[in-house]
Amino acid sequence: MTELDESDGLPGEGDFAAVAYREDDLWDVYLLPEALTRDFKGLLHALRQQPSISGAIGLLSVGDDFFIIARVYGHDNVTVFLSDVTASVDWEVAREVLDFLDIDVPDDEDLDQVLPAGDLSILADLGLEEMELGALAGDLDLYPDEVLASVSERLGFQQAFQRALDTMG
């Protein structure tokens, strides 16, 4: 894992936050400000601003380390998935997710394996089953952005997702 210098709080190369939402059976995907890769509460606020018939989906890729999927229906219905709880040792945004989920930061003896946290069924109603999301999160050969690209393909918004990523400098 890459250790974050908490004093700078700047996104790293390849970090991104995106929102996906569906209107009239068409998916839209837009990049959110990179600062949201370090601000979980800010991400939720941004997701609440999006129109959607199936909830706004936030997709965060943080370095080569982990990803977060958040889904917001209306103002109060929020579900979250964190790909690796051990990321919370080095990354404030992962600690914010664990705090939201009311899960303790792991102890040193728990840092030897990648374990997801949160709602594995976060996207099940859209076609990505729990087992599949768990398998994607546990695939150590995939980078977080690759996992999120795979998620976008399975949910049917791969082209919109790729177009949004192509706008990154």
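Predicted model: local features only at pLDDT ≥ 70, side-chain atom pairs only at ≥ 80, totals over all residues.
Asp 141 sits in the loop that runs between helix H3 (130–138) and helix H4 (144–155). Show both helices as well, so that the loop can be picked out from its two ends: H3 covers 130–138 and H4 covers 144–155. Asp 141 counts as exposed because its relative accessibility is 70%, and the cut-off for exposed is over 50%.

Next, switch to a cartoon view and select the strands. They make an open sheet of 6 strands, in the order S2-S1-S3-S4-S5-S6, and the pairing is antiparallel. Which strands are at the edges? They are S2 and strand S6 (117–118), each of which pairs on one side only. While the strands are in view, a general point can be kept in mind: side chains in a regular strand alternate between the two faces of the sheet.

**Strands S3 and S4**

Select residues 56–62, which are strand S3, and residues 66–73, which are strand S4. How many bridges join S3 to S4? There are 7, and the two strands run antiparallel.

**Strands S1 and S2**

Move on to residues 16–23, strand S1, and residues 26–32, strand S2. This pair is antiparallel and is held over 7 bridges. Select Glu 23 and look across to S2, where its bridge partner is Leu 26.

**The turn of the hairpin**

The hairpin of S1 and S2 has 2 residues between the strands. Select Asp 24, which lies in the loop between S1 and S2. Its phi is near 50°, a positive value in a residue other than glycine. Is Asp 24 buried or exposed? Asp 24 is exposed, because its relative accessible area is 73% and anything over 50% counts as exposed.

Then select Asp 25, whose place is also in the loop between S1 and S2. Phi of Asp 25 is near 65°, again positive in a residue other than glycine. With a relative accessible area of 62%, Asp 25 is exposed.

Definitions and conventions
Residues numbered from 1 in each chain as written. Heavy atoms only, no water. Helix = DSSP H or I, 4+ residues; strand = E, 2+ residues; numbered from the N terminus. Buried < 20%, exposed > 50% of the residue type's maximum accessible area, 1.4 Å probe, protein only. Pairing = 2+ DSSP bridges.
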